[in-house]
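Morning, everyone. Let me put one model on the screen and walk through a few places in it.

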Amino acid sequence: MKISAVVPTYNNACYIVDAINSILVQSHSVDEIIIVDDGSTDNTEVIVDVIAKKNANKIIYIKQVNQGPSSARNRGIEAANGDWLAFLDADDIWTPDKIALQVEALEREPQLKLIAADMCEINQQGKLIVESVLAKHQLLEKFQALAGKPVPNALNALLTKNFIPTGTVLVKRAIVIAAGGFNTHIRFGEDLELWAKIAADHPITCLPEVMMSRRQHGNNATQSTARMLEGLVEVMRSLKRWGAEKLGQQNVNPDQLLANALCDLAYWHFSQCNYKQARKIFTSSLKEHLGKRALAYAAVCLLPDVLIKQLQSLKQGNKRAQ
């Protein structure tokens, strides 16, 4: 078993040392660390070069024109010599036993092709913000009970609530390649699309132990709500095109999947008082699948803007009174 760690980075010079060091100190070492610099304009290259000289033949540095994290990860996958891949963004940190625990899980359940794990969240200074993201989303007990065994009906479970932080993943390289790698046409949620494709055909799991610290700061891709919701719409649209039959086999309605993503995006526009855009997207949602929520809000959006705002204020007042 040979493991390649892929680290995409863009202007993360202030964090990348911590990320690389967290890989280097693993109790079960990885065989190579591939840093893919996605067009950084800071001194990332200088910093990586210093570390690489101290760790001969361990670190591979690749620089490309800025193309986004999906392209950077795909470049790392292409360059990797390992038969297993692990991913870590340059502003995040692995726990020292991350790889060891996943290898042990693989030894217990050799049929697994992807193993994820829980993570915590920290601020820019490294202070703990969220102790367990699985617990935050009411999923910790589920994965504690599963104890590293394959997730039943994994595709359905994943699309109900994404339980795979990309920076915790250990996955078979050949399967990532067969699934097409990360979709470079999707800027947000491209990792969910890839994991869903893998979950449709292969056993996967998520370990309940925290194995990564995700750093929260203003430059995180996931900080943009509108773009994230738009990205999820594209993910669901792509998955519907890719495998409606496979989705149906795991009791996932592809039309409803896309409709729900559109409804969430429309509701965000509604909450921002963009009623015309909200009505348009709610209508698109209803064309995919007739849903009560989308129907109700689409009807509300037909009212005069002043009346809609009054209804929103009334609803917020009732919430505060409860």
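Leave aside neighbours within four places in sequence, and methionine 212 is in contact with Leu88, Asp92, Ile93, Trp94, Thr95, Asp118, Met119, Cys120, Gly167 and Thr168. Contact here means heavy atoms within 4.5 Å.

Ground rules next. This is a predicted model, where local features need pLDDT of at least 70, side-chain atom pairs count only at pLDDT 80 or more, and totals for chains, interfaces and linings use all residues. Residues are numbered from 1 along each chain as its sequence is written, and side-chain values use heavy atoms, with hydrogens and water left out.

Back to methionine 212. It is found in strand 9. Helices (H or I, at least four residues) and strands (E, at least two) are DSSP runs, numbered from the N terminus. Methionine 212 counts as buried because its relative accessible area is 1%. The cut-offs: buried is under 20% relative accessible area, exposed is over 50%, and partly exposed is in between, with a 1.4 Å probe and protein chains only.

Buried or partly exposed? Valine 210 has 29% relative accessibility, so it counts as partly exposed. Residues up to four places away not counted, it touches Thr95, Asp118, Met119, Cys120 and Glu131. Valine 210 and glutamate 131 are 79 residues apart along the chain, yet their C-alpha atoms are separated by 8.4 Å.

Now valine 133, in helix 5, residues 133-136. Its relative accessibility is 12%, so valine 133 counts as buried. Beyond four places in sequence, valine 133 contacts Asp118, Met119 and Glu121. Its C-alpha lies 8.7 Å from that of valine 210, 77 residues apart along the chain.

**Helix 10**

Next, helix 10, residues 225-249. It has 25 residues, but its end C-alpha atoms are only 31 Å apart, short of the 36 Å that a straight helix would reach at 1.5 Å a residue. That expected span is 1.5 Å times one less than the number of residues. Where does helix 10 bend? At glycine 243, by about 95 degrees. The bend is the angle between axes fitted to the seven residues ending there and the seven starting there. Glycine 243 is also one of the buried residues of helix 10, which include Leu239 and Leu247. Helix 7, helix 9 and helix 11 are among the elements covering those buried residues. After helix 10 comes asparagine 251, with a positive phi near 60 degrees.

**Helix 3**

In helix 3, residues 69-79, the buried residues are Ser70, Ser71, Ala72, Arg73, Gly76 and Ile77. They pack against several elements, among them strand 1, strand 2, helix 8 and helix 9.

**A loop residue**

Asparagine 12 lies in the loop between strand 1 and helix 1. Its relative accessibility is 12%, so asparagine 12 counts as buried.
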